[in-house]
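Student: I would like to learn how to read cross-links and charged pairs in a model. Where do we start?

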Amino acid sequence: MTGPAAADARDTVPAGHTGASCRTEVEGSAVTAYCHNPYPRTDRVRLHVECARWWDVDADSAPVEVPPTAYVELGERCWKEVRAAWISHDPLPAPGS
């Protein structure tokens, strides 16, 4: 992650996680997450953005499924500065589970 919110980047990964690997970048008030899933199990990811100003609305992306070997980009923004940005993961059950 780059920019002023770089110290506040979080990738909330469940214990034993074998899903998408994500990184985030902050450019001004825009946040972009880049996720790649090298594992054989689909991972569902969401980008969460906390804005610095009390009146600025925080943003959460819709959940996006990242199938095996797939790559996705997610984007959200604040009106002004970004305080923090992170990715949450919700691994889907393995086929036949």
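Tutor: With a definition: a disulfide is a pair of cysteine sulfur atoms within 2.5 Å. Keep in mind that this is a predicted model.

Student: How many disulfides does the structure hold?

Tutor: The structure holds 2. One of them joins C51 to C78, with 2.1 Å from S to S. The torsion about that S-S bond is -95 degrees, and the link of C51 and C78 is left-handed.

Student: Are C51 and C78 buried or exposed?

Tutor: Buried means under 20% relative accessible area. C51 has 3% relative accessibility, so C51 counts as buried. C78 is buried as well, because its relative accessible area is 2%.

Student: Which cysteines form the disulfide with a torsion of about 115 degrees?

Tutor: C22 and C35, whose sulfur atoms are 2.1 Å apart. With a torsion of about 115 degrees about the S-S bond, the disulfide of C22 and C35 is right-handed. C22 belongs to strand 2 (residues 21-27) and C35 to strand 3 (residues 30-36), and the two are 13 residues apart. Both C22 and C35 are buried.

Student: What pattern do the disulfides follow?

Tutor: Counting bonded cysteines along the chain, the pattern is 1-2, 3-4.

Student: Now the charged pairs. What is the general idea?

Tutor: Side chains of opposite charge can pair when their charged atoms come close. In this structure there are 5 salt bridges. Among them is R53 with E81, where the closest N and O atoms are 2.6 Å apart. R53 sits in the loop between strand 4 and strand 5, and E81 in the loop between strand 7 and strand 8, so this pair ties together parts 28 residues apart in sequence.

Student: Which residues are linked in a network of salt bridges?

Tutor: R44, E65 and D90. The side chains of D90 and R44 meet at 3.0 Å, N to O. D90 is in strand 8 and R44 in strand 4, 46 residues apart. D90 is partly exposed, because its relative accessible area is 39%. R44 is at 25% relative accessibility, so R44 also counts as partly exposed.

How values were computed:
Residues are numbered from 1 along each chain as its sequence is written. This is a predicted model: local features need pLDDT of at least 70, side-chain atom pairs count only at pLDDT 80 or more; totals for chains, interfaces and linings use all residues. Side-chain values use heavy atoms; hydrogens and water are left out. Helices (H or I, at least four residues) and strands (E, at least two) are DSSP runs, numbered from the N terminus. Buried means under 20% relative accessible area, exposed over 50%, partly exposed in between (1.4 Å probe, protein chains only). A salt bridge is a side-chain nitrogen of Lys or Arg within 4 Å of a carboxyl oxygen of Asp or Glu.
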